[in-house]
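Please give a short report on this complex.

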Amino acid sequence: MMTLKVNGREHQVDAEADTPLLYVLRDDLKLNAAKYGCGLGQCGSCTVIVDGKAVLSCVMPMVLLEGKQVTTLEGLGTIAEPAPIQRAFMEEQAAQCGYCIPGMMMRAQALLQKNSKPTDEQIRAELEPHLCRCGTHMRILRAVHRAARLMDTADALPAANGSAR
Amino acid sequence: MNAPLIIDRRRVLAGGGALIVSFSLGSGLAQQQDAPAASAPSPPGSLKASPYLDAWIRIDANGVEVFTGKAELGQGFKTAFQQIAAEELDIAFESLKVTTADTRLTANEGYTAGSNSMKDSGTAIQNAAAQVRALLIAEAARRLDLPAESLRTADGAVIAPDGKRLSYGELVAGEMLHVQAQPTSKLKDPATFKVIGRPVPRVDIPAKVTGGEAYVQDMRLPGMLHARVVRPPSYGAELTECDTAAVEKLPGVVKVVRDGNFLAVVAEKEFQSIKAMNALAAAAKWKETASLPKQDDLLNVLTSLPSQDTTIFERSNAAVAAHKTIEATYTRPYQAHGSIGPSCAVAQFVDGAITVWTHTQGVYPDRQGIAEMLRLPPASVRLIHVEGSGCYGHNGADDAAADAALIARALPGRPVRVHWTREQEHAWEPFGPAMVTKLKASLDDNGRIADWNFDVWSNTHSMRPGGAGSMLAAQHMAQPFAVPAPRPLPLPEGGGDRNAIPFYNFPNARVVHHFIAAMPLRISAMRALGAYHNVFSIESFIDELAILAGADPVEFRLKHLDDQRGRDVIEKAAQAFGWKPDQKRPPDRGYGFAFARYKNLAAYCAVASEVEVNRETGRPRLIRAAAAVDSGQVVNPDGLINQIEGAIVQSMSWTLYESVTFDDTRITSIDWQTYPILRFNSVPESIDIHIIDRPGQPFLGSGETGQGPAAASIANAIASATGKRLRNLPLTRKRIKEAIDA
């Protein structure tokens, strides 16, 4: 048994030490957002945030996660109360099949948490580990810019729902 | 207003089965939907094959449900269908539910392919909805004893002049909608559209960006087991030895399934199944055969294989004399669909019947294949489409469905989920076929094209199921099913010869399709089929001829094109791009242009692009693109823009980077390192899409229309930047560098 902290809640997980985080999130905790894309750390679709950093969960074994805080897309917001990054992707209609999108969003979220006004170049460089096959890239870039603006606005307001951070 | 309804009860009383409803069309707003004026015109779109209105629209006290036999693949048409139904039914968009392909619930619409969903299913839903609305008005007229002309519809109800409302749910009783569609419908005037033509947000996106259950990969049925397949290392490899005892003792392992060369393992938890798969792969011994051709000599490989040659187009005008002649050969390698999410399926075998949840493009053809493989009657096999990762054609989806079915049969009662690995998807998906085109053409004294010769060598572009033999699991069983004989896909849509016939007017022209039956690599349908390479070839060669003629590429195209809608998209794209004849280019940058009408009968698309080439490294980069598209009546403009934007970006990736690699035995491009595709550092600065809307015109679809024009536009821009013509796809950094240095 291992203790894993995901989206602010502690879970007792029965998984072997070498199990990649991705399978614990999907299989044990029934979370959908982190996706299996390659299992090789090449495509980014499994990306989640661990202690503020974007991490490829398909190659992150459980043994390295003791005591760490994991955040998945589910932890940011909901359909009813979407986080700024989620609102931004909806408003830009930044998906075709959408399979790669949760991973992109988590890396963008990690970027925006440490740099609230990234340049276009910085966003492109940050998203370099991520593949999209539908060719939604232009919209993804627009959505990250929009999320930066939305988060900026949200910061200016008194903490409302506090879902995004 | 609505015309009276005449219900022919004699047919019912005579036991004809179907309740036939007919109503005459008033003049005015009714659109003529390409129904021939023959004696027995059939209803439009997929209503032809599935004519009952309740195959498309069902209404009860709980609401209105729309059905389509097509599968949402990430194109967003589920939203578009909902818009169409809402518009023609006069009902709130949000109140509708759309159910997609399911062999128990929806019409058989074959495959979701060929950019045909809007044309087939969108048209069927539009007409069915309009006819259902007319039936509801007629029923309300009967109940209220008022003339139908005095009634109107709004927000899911029929409304009388005095304001009395009868909701659709109240009006529908019994088998009222179980009637056959009429050949023509009284459709709304496009000028009055409130939902069609609006950029309605996609219905599937909220769940996808919040971690909702959105894909077959996300399914978790009670008691579900996880399976992994161990595929052979190469085509035709035979399993000679496999000691499964150790694997069966691994934690969580429930069963090892072996049937001939089919090998799989099932475990309680997903990662247990992965560990067991690795152990099983290590235990398996295979006998392999070196059967693959030379990857770097596809030109000779393809043109040397036996082919069935057909002249598919011939036109001659001896009065036009050739002045200058050029020729060129273009090639395309095998290319991969490369879905980001590997193929997945869930199956459950209960009491001799099986249900399979799959991201296939064709639930009915797959049902046939799986029924044949399991030797079950088709009625005992149900396939339900659940979204997967974007597919772009025939990828591993159908194979994964067959895998799940075969494994689930060995574990009656328990749902079994199979997820392919990245390496399996890359090695085993059916690739887009390699192709060769040889072109030869002449200019006359006036710089116009005098003659045109086009030869294309290609495999078929569809080895999709129908029979079990199209599915890997069935091919690998101890009693295997043979791969069916390939057939060329018939024109006018065509396969290898899709878009091989020039859309331009040439006085002399000849097009020959060399159909190659032998398939050294596993191939099938990939977005745009042969049109990707044929349009790349034609539109590159048109530029070569324009250069020979000393003409501007855009003007040169217009000079050879009569079709007004084609001319309109060319002019629109050129204008949006800021195209000017003899425009000055920044150093190492080039401008390119290309155009096609997809399949010569569907959507029109023109793409202008600006590419920068680094002369030191050869690296090309698409800086910006502007495109114009005419897809007929537009239902969701943002959805259409998204499709064309995506097509340009994806086609750029195919065109600049992608080829399947192999040695004499194995596929060697088995992940994203060995099969690189575009990443964010190659994404252009801007892509600008312009729609030419054609209100009231038939839906033309859009999914595949951009692939060919984008490829040629980029190739032409590279030629413009470097002065060198590259004719072998992909146009890699290395090839460009070699051309510059030559």
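The contact between the chains takes 47 residues from chain A and 47 residues from chain B.

The predictor assigns the complex an ipTM of 0.95 and a pTM of 0.94. Chain B has an average pLDDT of 94, and 95% of its residues score at least 70. One stretch of chain B needs care. Over residues 1-38 of chain B, pLDDT stays under 50. The model has 60 contacts beyond four places in sequence for that stretch. Where pLDDT is low, predicted coordinates should not be read in detail.

Now the fold of chain B. Its secondary structure comes to 18 helices and 27 strands. The radius of gyration of chain B is 27 Å, close to the 27 Å that the globule rule gives for 742 residues, so chain B is as compact as a globular protein of that length. Its C-alpha atoms fill a box of roughly 85 × 75 × 45 Å along the principal axes. Buried residues make up 55% of the 742 residues in chain B. Of the contacts in chain B with a separation of 6 or more, 78% join residues 24 or more positions apart.

| Domain of chain B | Residues |
|---|---|
| domain 1 | 5-201 |
| domain 2 | 216-289 + 337-428 |
| domain 3 | 527-742 |

How do domain 1 and domain 3 of chain B meet, and what is the distance between their centres? Taken over C-alpha atoms, 39 Å separate the centres of domain 1 and domain 3 of chain B. In the contact, 21 residues of domain 1 of chain B meet 22 residues of domain 3 of chain B. On the domain 1 side, α2 (77-89) and α3 (117-144) of chain B each supply at least two residues. α3(B) gives the most to that side, with 5 residues. The domain 1 side that touches domain 3 of chain B divides into 7 nonpolar, 12 polar and 2 charged residues.

Note on methods: Residues are numbered from 1 along each chain as its sequence is written. Chains are lettered from A and ligands numbered from 1 in the order in which they are written. This is a predicted model: local features need pLDDT of at least 70, side-chain atom pairs count only at pLDDT 80 or more; totals for chains, interfaces and linings use all residues. pLDDT is the predictor's confidence in each residue, from 0 to 100. Two residues are in contact if their C-beta atoms, placed from the backbone, lie within 7 Å. Helices (H or I, at least four residues) and strands (E, at least two) are DSSP runs, numbered from the N terminus. The radius of gyration is taken over C-alpha atoms; the globule rule is 2.2 Å times the number of residues to the power 0.38. A residue is buried if 20 or more other C-beta atoms lie within 10 Å of its own, exposed if 12 or fewer, and partly exposed in between; C-beta atoms are placed from the backbone. Domain bounds come from an automatic or database domain assignment. Ala, Val, Leu, Ile, Met, Phe, Trp, Tyr, Cys and Pro count as nonpolar, Asp, Glu, Lys and Arg as charged, and the others, Gly among them, as polar.
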